[in-house]
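Student: I would like a close look at the pockets of this protein. Please describe how they are lined and which residues are found there.

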Amino acid sequence: MEKLTEIAAIIARNLSKDGFHATPIERVTLVRSSTVTMPMPNVHRPQLCLVAQGHKEVTLGDRVFSYAPGRYGVVTYDLPAIGHVVEATPEKPYLCMYLDFDPVMLGDLALRVPSPPGAPSPPIGKTVSDAGAALLDAALRLLRLLDDPAALPVLGPLAEQEILYHLLAGPDGGRMRHITSSQGRVAQVGRAIAWIGQNFRERFSIERLAAEVGMSPSSLHEHFRTVTAMTPLQFQKQLRLQDARSLMLVEDIDVTTAAIRVGYESPSQFSREYRRHFGEPPARDIARLRASPGLAVVT
């Protein structure tokens, strides 16, 4: 508990306002939210998320992951998920740190760290677990370097490697190795995820996607759902809707233009699917986000 308290204190000391904040430590981002937030979609990339204070929930497909202080999440693929802070106040804000995975560093360590004993981890691309003392200690050493910029270039990579070591050697070790693997069904699903991420605005069939990654359509459908908790077409739809929301919010374009930009041929279909996904019609949803920007912190 002392380690977690210090981690929260360091994050709070380095953040003066809500939001996502880059740090001098490469690949480390700190987050603060002084209020609960509305559910917001985001594409979660391969990374570690360690919550130091407050609570949040993340929904991936039909699965809900709950974060509390001292819990960490691991994401092994680019996945569209919906997250929101469910416990935070100005006096005790939600605080967390993100560490994006360096694939080169992770791949090197995976060759040198033995796989953990026991059954292999399920291939689901996201999980949440309780952080052990060793992982918290390594995270704390990394964050302390924010107060020691002279030591950061030398000690930063060592602390980052220590964090990755504990993830590889722990219960998520098998899942972490999926990031570095280029073989097997899970790797093929990873390539399918990447392909959809690049081509989600275009119409495609399961047969075409399966051919792109060298799988049968039935095998792709089964393994894709196991990894992402959704089908390839549900995955594409979430990316389209998230992209359209961002276009309307950031570029201030109208609903019809956004629908066409992300690949919808029918604006009315887009509006129906948008309402089912976000709970409100596009125009009303965007107006609410602009009126209450503090509720839209992506977590």
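**The pockets and their linings**

Tutor: In this predicted model, the largest pocket has a volume of about 280 Å³. Its lining is made up of 13 residues, and those closest to the pocket centre are Gln 236, Arg 240, Gly 263, Tyr 264 and Gln 269. Two helices, H9 (232-250) and H11 (267-278), each supply at least two residues of this lining. Helix H9 gives the most, with four residues. By residue class, the lining of the largest pocket divides into seven charged, three polar and three nonpolar residues.

The volume of the second largest pocket is about 210 Å³. A set of 14 residues lines the second largest pocket, and Thr 76, Tyr 77, Ile 179, Gly 190 and Arg 191 are the ones that lie nearest its centre. Here the helices that each supply at least two lining residues are H5 (173-180) and H6 (184-199). With six residues, helix H6 gives the most to the lining of the second largest pocket. The residues of this lining divide into seven nonpolar, five polar and two charged.

Note on methods. Residues are numbered from 1 along each chain as its sequence is written. This is a predicted model: local features need pLDDT of at least 70, side-chain atom pairs count only at pLDDT 80 or more; totals for chains, interfaces and linings use all residues. Side-chain values use heavy atoms; hydrogens and water are left out. On a 1 Å grid over the protein atoms alone, a cavity is a set of points where a 1.4 Å probe fits but cannot get out, and a pocket is an open set with protein on both sides within 12 Å along at least five of seven lines; lining residues have an atom within 4 Å of a point. Grid points are joined across faces, edges and corners, and a volume is the space filled by probe spheres set on the points. Ala, Val, Leu, Ile, Met, Phe, Trp, Tyr, Cys and Pro count as nonpolar, Asp, Glu, Lys and Arg as charged, and the others, Gly among them, as polar.
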